[in-house]
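Please examine the structure shown below, then follow the explanation that accompanies it.

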Amino acid sequence: MKNLFTLFAAAFLSAAVLCPLQAQNYDQIMKELSSLKNYNSDMQHTYDMLMKKIDDVLWYEKVGDIAYVDKVYITGEPKARQGSPTSRGYNNPYKFWNYVFIPKSVDPGKKYPLIVFPHSGVHADMSTYYAHIIRELIAQEYIVVATEYRGSTGYGSGTYRAIDYGGLENADVKAGRDYMIENYSIVDKDRVGIMGWSHGGMITLMNLFEYPDAYKCGYAGVPVSDLISRMGIATDSYRDLFSANYHLGATVSENVKEYKKRSPAWNTHKLKTPLLVYSTTNDDDVDVLEVEHLIKGLKADGKKFEYKIFENGAGGHAFDRVDTKEATDIRFTVYKFLEKYLKPNKPFKSASDLRKAAYRFN
């Protein structure tokens, strides 16, 4: 889509240069370019919405044989940035979607542990990229809720621009957790865990820090941990996602305090819940130095937790999410950690059992 806009812009400017007598004035040209840019953005959101609908259908194909799949619409905290206090709908609760996966093997008269599963990506969504992992969780008889928190893609520009990275998105995920406990009698409120990777790992950490009584344990894989150092490594286009006027509205140098407040590495003193953290030295997205800062902070605050930094894990940022046997073996250790605190009805006895659950064969 960006290439399309570039071609439109180049063609427009070329026409203006080649035909000066017929060219519009500068202000009009800029107005037309702005219009093209907005059109390009609208087309991107339309594309994302279409892809979301297609992927929603794929969920039934990929996990529908073992799970009931649903999508529920709930409310959370009002938007972080709103219009005039006198405008219609001011301070209304924010609305967002949540995926619900329930094992078809459940007994309505019994209770089951819940996994809260925040997806990864700054502007992304809960896609079938995670289908095999959901299958692994369902096979152990975990119920899963995956919140499409504010800023997610596939729901139009309104949801996209409501992003509040490191802020109210954490409350959205907690609201998804609360919804499940309040509305599903089969969910055991005393056996709730949270797990996620990358941005989802960051949300996992922030939920454990901000709502310690809501979870029995958590797993954070390659978690975004320090936004200040992250912005120093990131590209300009990535930094622009945060300094956009509808988001934080400032760079790190303009508001260090705000970026610090939203960074797990600067909130480690709040940890009270059992935690497992994994990272790898060759992560090409969340540099290992971020996770090292988190680990040092937790140790400095005297917190008890488990962690491992893998050496050049195959797959880099996705080293324990890809479909290799090595990644399967690593996820088995994650599930054994969760098992200690959540006690699923059908825990895996081996990595081979895990692989069969995810891929039907081993």
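**Aromatic rings, a central strand and salt bridges**

The count of aromatic pairs comes to 20, where rings of Phe, Tyr and Trp (its six-membered ring) pair if their centres lie within 6.5 Å, and planes under 30 degrees apart count as stacked, over 60 as edge-to-face and the rest as tilted. The rings of F117 and W197 have their centres 6.0 Å apart and their planes at 45°, so this pair is tilted. The pair links distant parts of the chain, with F117 in the loop between β3 and α3 and W197 in strand β5 (residues 187-197), 80 residues apart. Helices (H or I, at least four residues) and strands (E, at least two) are DSSP runs, numbered from the N terminus. Both F117 and W197 are buried, where buried means under 20% relative accessible area, exposed over 50% and partly exposed in between (1.4 Å probe, protein chains only). Y129 and Y130 form an edge-to-face pair, at 4.9 Å centre to centre and with 90° between the planes. Y129 counts as partly exposed because its relative accessibility is 46%, whereas Y130 counts as buried at 2%. Ring pairs link F117, Y129, Y130, W197, Y219, Y278, F310 and F319 into a cluster.

The model is predicted: local features need pLDDT of at least 70, side-chain atom pairs count only at pLDDT 80 or more, and totals for chains, interfaces and linings use all residues. Residues are numbered from 1 along each chain as its sequence is written, and side-chain values use heavy atoms, with hydrogens and water left out.

Attention now turns to one strand. In strand β4 (residues 143-147), five of the five residues are buried. In a regular strand the side chains alternate between the two faces of the sheet. Both faces of β4 are covered, with I143, V145 and T147 on one side and V144 and A146 on the other. Strands pair if DSSP finds at least two bridges between them. Strand β2 (residues 94-103) runs antiparallel to β4 and is joined to β4 by four bridges; here V100 stands opposite V145. Strand β3 (residues 112-116) runs parallel to β4, with three bridges between them, and V116 has V145 as its bridge partner. Together, β3, helix α3 (residues 131-139) and β4 make a right-handed β-α-β unit, meaning that, with the strands pointing away from the viewer, the path from the first strand over the helix to the second runs clockwise.

The next topic is charged side chains. The whole structure contains 23 salt bridges, each defined as a side-chain nitrogen of Lys or Arg within 4 Å of a carboxyl oxygen of Asp or Glu. One of them joins K52 and E148 (2.8 Å, N to O). This pair links distant parts of the chain: K52 lies in helix α2 and E148 in the loop between β4 and α4 (157-161), 96 residues apart. Both K52 and E148 are buried. Another salt bridge joins R262 to D164, with the closest N and O atoms 2.9 Å apart. R262 lies in the loop between α9 (256-261) and β7 (275-280), and D164 in the loop between α4 and α5 (168-183), 98 residues apart. R262 counts as buried because its relative accessibility is 9%, and D164 is buried with a relative accessible area of 3%. D178 and K174 also meet in a salt bridge (2.8 Å, N to O). Because D178 and K174 are four residues apart in helix α5, they are separated by about one helical turn.
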